Amino acid sequence: MSLLQVDDLHVSVGGEAILKGLSLRMEAGEVHAIMGPNGSGKSTLANVLAGRPGYEVTGGAIAFKGHPLGQEEPEARAQAGLFLAFQYPVEIPGVSNMEFLKAAQDSHFKANGQAAESPVAFMRRVRTLADSLSLNPEFLKRGVNEGFSGGEKKRNEILQMLLLAPTLAVLDETDSGLDIDAVQTVAAGVNRFRSADNGVLLITHYQRLLNHIVPDFVHVLAEGRIVESGDRKLAETLEERGYAWLAKSG
Amino acid sequence: MAGEIGLEALQAPAWLGDAGLARCRRALTGKLARETWKYSPLGKVTQALLDAPMARGSPLVDAPEQVRVRRFTALPSPPECRINLHRYPLAGIVAALAGDGWLAEVAETPDRPLRLPAATPGVAAPLLLRVGAGCRVEIEETDAGASTIADVSGPQRLGEVVDRATRGRRSNKAPVNSPQVLAARAPEAESEGTSATHDNQGTLATRVVLLFLAQTAEVRWSRADLAPAREGWSLLAAELDEDASLTFNHQSLAAAFQRLDVSVALHGAGARFGSTGAALASAGAQLDLQYVIEHIGHRTVSRVKQHNLASGKARCTFNGRIHIHPHASGADADLSNRNLALSANADINTKPELEIYNDDVRCAHGATVGRLDDDALFYLQSRGLPTAAAQRLLSIGFLRDGLSGPFAEQAANSFLQQLSAATSG
């Protein structure tokens with residue numbers, strides 16, 4: 001049973017076909033990187049996996065841990081172990097980060113029949129995670145992502161991933177807008193998360209993130225389908241030659 | 001129709017005068033009243049007032065010794081009460097019905113907050129509060145009565161009040177505020193120096209407060225209307241002298257008719273007014289907030305931020321008017337009203353108004369009406385929160401953004417309780 005299996009996936013957004021026959025298989029313990037030019041469908045893949053409304057599956061199938069993902073609500077997917085790190089995390093004034101994190105964890109625990117963690121133990125654990133990501137603990141008291149810099153928002157996404165410990169983490173351009181130090185911090189968090197029991201689907205434009213998070217597989221997404229797959233050397237080739245050669249060779 | 005049951009028979013107290021009362025009667029049917037009461041039933045409210053019982057008792061609970069409280073009728077001469085009767089005719093009607101008023105004078109900073117009793121059903125005598133130069137005063141006003149939204153049986157509570165009033169209509173021809181009628185309207189137990197003595201749930205509660213701030217006086221007023229079944233109309237009319245400052249924080253949980261009129265006149269140079277508010281209107285609430293801010297002096301400043309959330313079949317109205325007078329150079333005004341509708345049946349009306357007669361000013365106003373943000377909702381759901389819980393968290397976040405002052409946490413808890421009751425999951 002694969003961690004994630006996508007077969008001939010077709011997805012439309014607002015009536016426009018974006019994914020046109022995408023297939024992908026991931027096993028636990030693997031890190032896959034998805035690269036591709038703008039508009040190729042990378043973020044669409046991330047959103048459709050997470051169950052975002054407005055993304056219509058018009059063909060094909062997705063199976064997560066052997067269970068088909070059909071009309072499941074986003075929360076059901078999350079509780080089953082699927083996590084999406086947003087490219088543009090949303091700001092929610094009036095809801096403190098700590099309150100949000102506790103509500104998220106409680107929802108996971110409840111859905112999986114676990115007792116809620118005591119507030120004291122929870123807060124201690126969250127502060128430790130924040131510290132490991134160089135995220136000022138004061139940010140935990142502020143509104144969710146409110147007034148955070150781009151880097152702080154992305155680190156907050158990684159904090160949530162580490163806290164919720166999903167089985168599959170989909171990181172949608174988590175490196176965009178980050179300086180070198182922030183990329184290293186975020187990469188360290190992802191590497192800490194990696195284990196034989198989970199998988200990471202890394203969507204990125206740049207090779208530089210893959211210097212810090214070494215993928216097992218690299219895929220090139222173009223015009224709604226995966227047109228090339230390989231190991232990390234494929235990313236280096238893309239960095240040197242761009243995407244145009246793929247179109248010519250294809 | 002207002003006046004059917006004795007409006008014309010009212011007798012004016014000396015400090016209001018016959019001319020003042022006549023002005024009120026005319027204003028009740030005038031164009032301004034029609035505009036400012038467009039979304040609230042002025043006729044029904046007036047009628048309900050005319051038949052409401054008297055709510056008596058001291059206007060302050062356990063007043064600090066630095067505050068001197070007297071009845072108008074105990075004063076050597078009537079105090080000057082500059083109510084804009086053209087805009088607020090009900091204030092004159094309440095004053096006439098009460099037949100008296102309270103004067104509270106603060107000559108030095110009190111050692112503790114001034115506490116107003118919970119608004120009680122019936123007609124309460126107006127309170128004239130004078131804060132002396134340089135005094136700092138905290139005012140607390142909270143109504144967290146046992147009433148819950150679950151107790152509210154239907155959307156037309158004010159209609160019920162009026163029905164009851166009509167059934168009990170007097171047949172005698174005596175003026176409605178004549179001594180014999182006032183005696184009949186008074187609660188059975190009444191003692192001065194105690195707070196509210198009457199709690200006839202479902203009857204309109206009134207509160208009229210006229211506030212005067214002398215030079216550099218500072219008042220922080222915190223108000224929490226957290227008894228959702230209570231029907232009420234309140235007027236806070238404030239006048240500020242030079243460098244005086246009034247901060248008004250209020251929270252409202254409404255499931256019936258509630259109207260708040262706030263009138264602030266910034267007379268003195270450098271006078272400042274700030275208001276932060278959050279309201280949750282549920283069930284069949286008719287929540288109506290009306291602000292008028294007059295910038296009269298130089299360098300006067302006002303900041304108004306109001307967040308309203310309407311669910312069920314609630315109607316939520318906000319009207320914020322900023323008036324910059326010709327000599328108010330350097331005035332700085334900012335008014336913001338954000339509204340969220342949680343249901344398709346909720347009705348939201350918002351109208352920010354600017355009237356500016358000076359070029360050397362800074363004015364900003366904005367109003368938004370919308371629903372919960374889809375992106376934010378998805379964000380929370382993607383973290384495992386069920387839809388209802390995510391909606392609740394976004395709603396309370398929106399309201400919290402408009403909460404401030406000592407009752408903020410209490411209000412947030414009340415809001416959350418109501419939101420939890422209204423949603424499942």
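Predicted model: local features only at pLDDT ≥ 70, side-chain atom pairs only at ≥ 80, totals over all residues.

Visitor: Start with the helix. How many residues does helix α3 of chain A have, and how far does it reach?

Guide: Compare the span with what is expected at 1.5 Å a residue. Helix α3 of chain A covers residues 97-111, which is 15 residues. From first C-alpha to last it reaches 21 Å, close to the 21 Å expected.

Visitor: Which residues of α3(A) are buried?

Guide: Buried means under 20% relative accessible area. In α3(A) the buried residues include A:Phe100, A:Leu101, A:Ala104 and A:Phe109. A:Lys102, A:Gln105 and A:His108 are buried too.

Visitor: What follows α3(A)?

Guide: Look at A:Gly113, which comes after the helix. Its phi is positive, near 70°.

Visitor: Now the sheet. In what order do the four strands of the open sheet in chain A lie?

Guide: Read across the sheet, strand by strand. The order is β2-β1-β4-β5, and the pairing is antiparallel.

Visitor: Why is one side of β2 and of β5 in chain A left without a neighbour in the sheet?

Guide: Because β2 (16-26) and β5 (67-68) of chain A stand at the edges, each has a single partner strand.

Visitor: How many bridges join β1 to β2 in chain A?

Guide: Eight bridges join β1 (residues 4-13) of chain A to β2(A), and the two run antiparallel. For one example, find A:Val6: its bridge partner in β2(A) is A:Leu24.

Visitor: Next, strand β3 of chain A. Is it mostly covered or mostly open?

Guide: Check each face of a strand separately. Strand β3(A), residues 31-35, is mostly covered, with five of its five residues buried. A:Val31, A:Ala33 and A:Met35 lie on one side, A:His32 and A:Ile34 on the other.

Visitor: Which strands does β3(A) pair with?

Guide: β3(A) runs parallel to β10 (residues 199-203) of chain A, joined by four bridges. There, A:Ala33 has A:Leu202 as its bridge partner. β3(A) also pairs in the parallel sense with β11 (residues 217-222) of chain A, over four bridges. In β11(A), the partner of A:Met35 is A:Val220.

Visitor: Last, the cysteines. How many disulfides are there over all chains?

Guide: The test is whether two cysteine sulfur atoms lie within 2.5 Å. The count over all chains is zero.

Conventions
Residues numbered from 1 in each chain as written. Chains lettered and ligands numbered in written order. Heavy atoms only, no water. Expected span 1.5 Å × (residues − 1). Buried < 20%, exposed > 50% of the residue type's maximum accessible area, 1.4 Å probe, protein only. Pairing = 2+ DSSP bridges.
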